[in-house]
Each structure stands twice: as structure tokens, then as C-alpha cells.
Amino acid sequence: MSVDRRPLSPHLQVYKPQLTSVLSISHRITGVALAVGTLLLAWWLIAAAAGPDAFAVVQGFLGSWLGYLILFGFSYALMYHLCNGIRHLFWDAGYGFELGTVYKSGWATVIASAALTVIAWAIAIVSA
């Protein structure tokens with residue numbers, strides 16, 4: 001009996017990334033990003049309770065270009081996780097399992113999360 005040197009199970013380098021797998025991985029990544037972003041929110045709230053000097057430090061960081069970049073990423077992660085969560089609620093109810101519908105709802109999730117992020121930031125900038 002010959003010994004094959006193939007892996008016992010397929011690995012990521014064997015498969016071509018598909019929309020469904022990319023969205024699934026993205027959902028997990030945005031979930032982790034939201035957890036880390038919640039630590040940033042906690043830092044902001046604790047600084048607000050600690051006094052004006054601590055709050056000024058946090059506001060200075062969040063008002064920098066890096067802070068804006070982090071906040072933009074956090075808001076996109078929030079919108080993506082929300083949209084994909086709604087998509088999963090439909091799946092939990094038994095709807096949207098047809099292959100065409102899966103791809104349409106996947107692209108709708110990507111587009112809606114980007115649009116909601118831009119809309120939220122536009123409203124924030126206009127009202128500032």
C-alpha cells in the first residue's frame with residue numbers, strides 16, 4: 001500500500017474563497033473587533049467619570065486621525081455585524097437558503113453595511 005503525502009483534510013490553500021466563506025469569516029472578525037471596540041468605549045466612559053483631565057486624554061486620542069480611523073472601523077464592524085445578524089435571523093426562520101438568495105443577501109449585507117456606515121458618519125459630521 002502506497003503512502004500518500006496529501007493532507008488528511010483540505011486546507012484553506014486548496015479552496016477558492018467564496019462569498020459565503022468570506023462573509024462568515026468577516027462576521028467572526030467583526031465580532032472580535034466589536035469586543036475590542038467595547039474596551040475603547042469603556043475607556044471613554046471611565047475617563048468621563050474620572051474627571052476632565054482623563055477625559056481630555058481620551059478625547060485627544062479619539063480626535064486624532066488614528067482615533068477617527070479606529071472609530072470608522074468600529075462603526076463599520078457594528079453595521080456589518082448588524083446586517084449579517086439580520087441575515088442570519090432570516091436563516092433561523094428558514095428563509096433564504098437558495099443559492100441565488102444566499103449570494104444576493106450576502107452582497108446586500110456588504111452594500112448595506114457600507115452605506116449605513118457612510119450615512120452614520122455623514123450625519124455625525126453634519127451635526128458636529
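Predicted model: local features only at pLDDT ≥ 70, side-chain atom pairs only at ≥ 80, totals over all residues.
Me: How many residues does helix α1 have, and what distance does it reach from its first C-alpha to its last?
Reply: Helix α1 covers residues 19-50, which amounts to 32 residues. At 1.5 Å a residue, a span of 46 Å is expected. The computed reach from the first C-alpha to the last is close to that value, at 45 Å.

Me: Which helices do the buried residues of α1 pack against?
Reply: The buried residues of α1 include Leu 19, His 27, Leu 34 and Ala 47. Gly 37 and Leu 40 are also among them. The partners of these buried residues are α2 (52-62), α3 (65-92) and α4.

Me: Which residue follows α1, and what is its phi?
Reply: Helix α1 comprises residues 19-50. It is followed by Gly 51, which has a positive phi, near 135°.

Me: Is Ile 46 buried or exposed?
Reply: Ile 46 has its place in helix α1. A residue counts as exposed when its relative accessible area is over 50%. The relative accessibility of Ile 46 is 59%, so Ile 46 is exposed.

Me: How far apart in space are Ile 46 and Phe 97, C-alpha to C-alpha?
Reply: Ile 46 belongs to helix α1. In sequence, Ile 46 and Phe 97 are 51 residues apart. In space, their C-alpha atoms are separated by 44 Å.

Me: Which helix supplies the largest share of the lining of the largest pocket?
Reply: The largest pocket has a volume of about 200 Å³. Its lining includes Gly 37, Leu 40, Gln 59, Leu 71 and Phe 74. Each of α1, α2 and α3 supplies at least two lining residues. The largest share, 4 residues, comes from α1.

Me: What kind of aromatic pair do Tyr 68 and Trp 121 form?
Reply: The structure holds 6 aromatic pairs. In the pair of Tyr 68 and Trp 121, the ring centres are 6.0 Å apart and the planes stand at 65°. Planes over 60 degrees apart count as edge-to-face. The pair is therefore edge-to-face.

Me: Which helices does the pair of Tyr 68 and Trp 121 tie together?
Reply: The two residues are 53 residues apart in sequence. Together with Phe 72, they form one aromatic cluster. Because Tyr 68 and Trp 121 lie in separate helices, the pair ties together α3 and α4.

Me: Which backbone oxygen does the side chain of Thr 109 reach?
Reply: Thr 109 is found in helix α4, residues 99-127. It counts as buried because its relative accessibility is 4%. Beyond four places away in sequence, Thr 109 touches Tyr 80, Cys 83, Asn 84 and Arg 87. At 2.8 Å, its side chain reaches the backbone oxygen of Ser 105.

Me: How far apart in space are Leu 78 and Asp 92, C-alpha to C-alpha?
Reply: Leu 78 lies in helix α3. Its relative accessible area is 42%, so Leu 78 is partly exposed. Leu 78 and Asp 92 are 14 residues apart in sequence. Their distance in space, C-alpha to C-alpha, is 20 Å.

Definitions and conventions. Residues numbered from 1 in each chain as written. Heavy atoms only, no water. Buried < 20%, exposed > 50% of the residue type's maximum accessible area, 1.4 Å probe, protein only. Polar contact = N/O pair within 3.5 Å; in protein donor to acceptor, adjacent residues only side chain to side chain. Contact = heavy atoms within 4.5 Å. Expected span 1.5 Å × (residues − 1). Phe/Tyr/Trp six-rings, centres within 6.5 Å; stacked < 30°, edge-to-face > 60°. 1 Å grid on protein atoms, 1.4 Å probe; cavity = no way out; pocket = protein on both sides within 12 Å on 5 of 7 lines; lining within 4 Å. Points joined across faces, edges and corners; volume = space filled by probe spheres on them.
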